[in-house]
Amino acid sequence: MRKSKVLALAVTAGLGIGAAVAAPAMAAQSAPTRAKTESSCRLDDTNPGLKHVIYLQFDNVHFTRDNPNVPSDLEQMPHLLSFLTSNGVVDTNHHTPLIAHTGNDILTSLTGVYGDRHGQSVANSYRYFNPDGSSNSASSFAYWTDGVADTSVPTPSDPAYTMVTKDGKNAPAPWVSYTRAGCDFGAVSAANTILENTTVDIDKVFGANSAEAAEAKADQARAQADYVGIGVHCALNSKLCASAGAGASADLLPDEPGGYTGYQALFGAKAVDPAIAGSAAVNSTSGTPITDPKGNPGFPGFDGMSAANSLGYVAQMQEAGVPVTYAYISDAHDRHVAPFGAFGPGEAGYVAQLKTYDDAFAAFFSRLAKDGITTRNTDFVVTSDENDHFVGGTPSPANCDGVTVPCSYAQIGEVNANATGLLATQQGVTTPFKVHADSAPNFYLDGNPAQTAPSTRSLEQAWAKVTAVNPISGKTDTINNYLADRTEMKLLHMVTGDAARTPTFTSFADPDYYVYAGAANCNSACVALGPAFAWNHGDFSTDINTTWLGIAGVGVKHLGVTDRVWSDHTDIRPTMLALTGLRDDYRSDGVVLTPFLRNSSLRRPLERDAHQYAQVAAAYKQLNAGVGSFAAATLTLSNKGVSSASAGDLTYLADEGTLTALGAERDALAAQMAAALDDVAFGHGRLDDRKADLLVKQAGLLVRQAQRAAAAA
C-alpha cells in the first residue's frame, strides 16, 4: 500500500486453485477492435516485429509463500504465472534497492538508477532540514518536475526538485526514450509519471490560476478523478494528442539531456478517457466503468488501482494506439474499502481478492490476444516493488491453506514503537529529533548536527540498546538490527544531490517493528500492536529485499522459473532498452540481463561478448547494489562502529576511516565497470576475456576486503 497516501515454486499443479489455465471469457464490455499501432513508433531495430511494450509493477505481490501451507500470491494468480513461465522467465532472485519502499522501488525500476541519482532513497515520504535546523516532511509522490512536495507550508525552504540528480538537476524522465522514438507512452498510476495530488501537481502542470486549479479548490474529489493518476506522454506529431485538442498540455522537462521541446501530454482521465475510449469513462476488465468512490468517472485513487482497473486502462490505451504502457497495480493483502485493514495469509478476504486479480489477468490476456497483441509482437515485463514482512500471530486452524480451509488470526498488525518514549524511559536520552516513521526509521536531529557530533553519537549509541517486549511473541527484542550513519548511507546509495534531505542516521529495525516519534512520557504504551497495517517493508532483510521479475515476449528465452541470476530493480530499464533497441541519455546503474535474452535479440557487440558481459555484470551487481554482498558487509561494519562506545570513540572513528576508504575504492571501480558494460551494451567497445577477468577479480577482492573488515571489527 502506498502508505503516504493514507497517513513458491509450483506453478499450477496440485494447488487446489485450478491447475489448468482455461481460456478466459471475454469481459462484459463490448468486444474491442483490433489494436491500432502508432505508425511512427520504432521499437524493432533490434527485434524485428516488436510493436508493443507492457510494463506492470505490483505493490507487494509475492512469489514466495508467507505461510508454507498457503499458496503464494502468484500461485493464486495462475493465469499470470502460467503466462510468464510459458512465454518467458520469472527471476526469483530479484532484489530491491534501499530503502525498500513503493516510491523508491518503482522509481528505481522506471529509471534504472538508485535513489541517490533520482532523489527518492527515503520513501514514501521523507524529511528535509530547514535552514534553522528544524525539519519538515514531504511526499515522495509528486509529478516528475515538482519541487519538494510539502503542503504544510506555502513555500518549502528547500528549493530542490523532488526528482533530483546528484548535481541538483531534474532527473531524466523514463518516457523520453520512447517518445523520441515516435511512441506514445501511457502511464497508469506509475509513480511520478502522472499527477499524484490535487495541490502542487495541478498548480505545477496547469498553473495556479487555471480552470483545473479552480476545480481542485472547489471539489478535490472530482479533481482527483479528473486529473490524478492517469496520463499519456505523446510523441512529436502524435495523432492522439492532436485529436485531444485543448485537452493536451505542454510536456515540459527543463533539464532533460539533449533538450525536450515541442512535446505534449494528456494529464488525467478527463483528457485521456475521451482520447482513448471516446467516452467519459474507461471500463475495467470486468466491463464496469472505472470511477472514484463517489461515482465520478476517472481515477479511483491509488489504492483503487486493482488489477481489473489498471489492466482495463492498459488494454484501452493499447487498443487506441498507445504502444508503450506502464502501470501500477495496488496490493492484494489490504482491504481497500471500509472497514479498512490488513489481511493475513490465507484469510478469506485475501484469497477472494487474489481471485479477482487472477480473473482480471485472464480477461486481459484474452482481450489482448483478440487485439492481436501477443508475445509474438509484445514484450511484457511484470514485477513487484518489494516483498514485505507479515507481522501477526499463528494462523488458526493450524492446517489452514486459505483455499480450502480459510485462515484466521487472533493477532495481526505491525508492532508500533515510540522511539522518543523508549529512548527517554530506557536510556534517559531526550535529545530532540524527528523520525521518518518506518521499519527502517530515519532520524533527523534538531539542529542538523554532524555525524561525529556528541549529540548524534550519544543518540545513536542509546538507540542501539533500546529493547521492547513484542506483543505477539512475548519476547524481548532489540529493536535496531543495523545502524547506518551518513558515511554508510552514501555507500547504500541513500545520499542524494539534495543535502537537506539526508537523515542524521538510519536504523534498519527488526522487521516486526514500525518506529515513530511519539511522546516522551509514554502515557500511552510505547509499544503496541497496530492492526491497520500488517506488512512491513523498508528494512535490510532477505524476506523484504528479495522479490521477483517476470519477462515474456519478443527476444526473451523461455526459461520458466529460475533463481540463477542475481538481479535488482536497476536492471529492468537497461534490459527493456536492449530489447527495444533504444537507449537513454545517461548511464544506468543496472545491467542488461543477457542470460534471459536470446542472442539474436542483442546488439552485435553485446551478442559477441555476451559471456564476458554476464561475468562482469554479476560481479558489478555484488559490488554496487544496495543489498549486494559489499553493501551487506559495510552495513555490518557500520553497525558495529556506530553502536560502539569506546574511549575517545576510537572504535567508531577507526571503522569510519575503513568505510570511507572502501567507499572510495568501490566508487572508482564501479564507475570503471559500469563504463565497460555500457560500452558493450550500446555498441561502443569490446570486453575481451582479459579485461573481463581483471574487473571480476578486482570486484571480488574488494568485496572480500569489506567482508574481512566487518568480521574483524
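# Exercises on helices, sheets and cavities

**Exercise 1. Which strands does helix α13 lie across, and at what angle does α13 run to β18?**

*Solution.* Start with the helix: α13 covers residues 454-463 and lies across β17, β18 (442-445), β21 and β22. Its direction is at about 145° to that of β18. Here, helices (H or I, at least four residues) and strands (E, at least two) are DSSP runs numbered from the N terminus. Contact means heavy atoms within 4.5 Å, and angles run from 0 to 180 degrees between the N-to-C directions of lines fitted to C-alpha atoms, for helices over the stretch in contact.

Before going on, note that this is a predicted model, in which local features need pLDDT of at least 70 and side-chain atom pairs count only at pLDDT 80 or more, while totals for chains, interfaces and linings use all residues. Residues are numbered from 1 along each chain as its sequence is written, and side-chain values use heavy atoms, with hydrogens and water left out.

**Exercise 2. In what order do the strands of the open four-stranded sheet stand, and which stand at its edges?**

*Solution.* 
1. Read the order: β17-β18-β22-β21, with antiparallel pairing. Two strands pair if DSSP finds at least two bridges between them.
2. Look at the ends: β17 (433-436) and β21 (480-484) have a single partner strand each, so one side of each has no neighbour in the sheet.
3. Zoom in on one pair: β21 joins β22 (residues 505-509) in the antiparallel sense over four bridges. Within this pair, Y482 has F508 in β22 as its bridge partner.
4. Finish with another helix: α19 (residues 629-643) lies across β21 and β22, at about 90° to β21.

**Exercise 3. What is the strand order in the open sheet of three strands, and which helix packs on this sheet?**

*Solution.* 
1. The order is β23-β16-β24, and the pairing is mixed.
2. From one strand to the next, the twist averages 30°.
3. β16 (residues 414-418) pairs with β24 in the antiparallel sense over four bridges. You can find E414 bridged to G530 of β24.
4. Helix α12 (residues 419-427) is the one that packs here, touching β16, β23 and β24. Its direction makes about 55° with that of β16.

**Exercise 4. How many residues lie between β3 and β4 in their hairpin?**

*Solution.* First locate the strands: β3 spans residues 125-129 and β4 spans residues 135-139, paired in the antiparallel sense over five bridges. Y126, for example, is bridged to A138 in β4. Five residues lie between the two strands, and in the turn G133 has a positive phi of about 90°.

**Exercise 5. Where are the cis peptide bonds from A123 to N124 and between A338 and P339?**

*Solution.* Keep in mind that most residues other than glycine have a negative phi, and most peptide bonds are trans. The cis bond from A123 to N124 has omega near 10°, and N124 sits in the loop between α3 (115-118) and β3. For A338 and P339, omega is about -5°; P339 belongs to the loop between β10 (334-335) and β11 (341-342). Now try phi: N192 has a positive value near 70°, although N192 is not a glycine. You will find N192 in the loop between β5 (185-188) and α5 (200-206).

**Exercise 6. What lines the largest cavity, and how do its lining residues divide by class?**

*Solution.* 
1. Know the term: a cavity is a set of points on a 1 Å grid over the protein atoms alone where a 1.4 Å probe fits but cannot get out, and lining residues have an atom within 4 Å of a point.
2. Count the lining: there are 19 residues, with P574, S588, G590, D678 and F682 nearest the centre.
3. Name the elements giving two or more residues: α16 (572-580), α18 (610-624) and α20 (650-681). The largest share, four residues, comes from α20.
4. Sort by class: 11 nonpolar, two polar and six charged. Ala, Val, Leu, Ile, Met, Phe, Trp, Tyr, Cys and Pro count as nonpolar, Asp, Glu, Lys and Arg as charged, and the others, Gly among them, as polar.

Methods:
1 Å grid on protein atoms, 1.4 Å probe; cavity = no way out; pocket = protein on both sides within 12 Å on 5 of 7 lines; lining within 4 Å.
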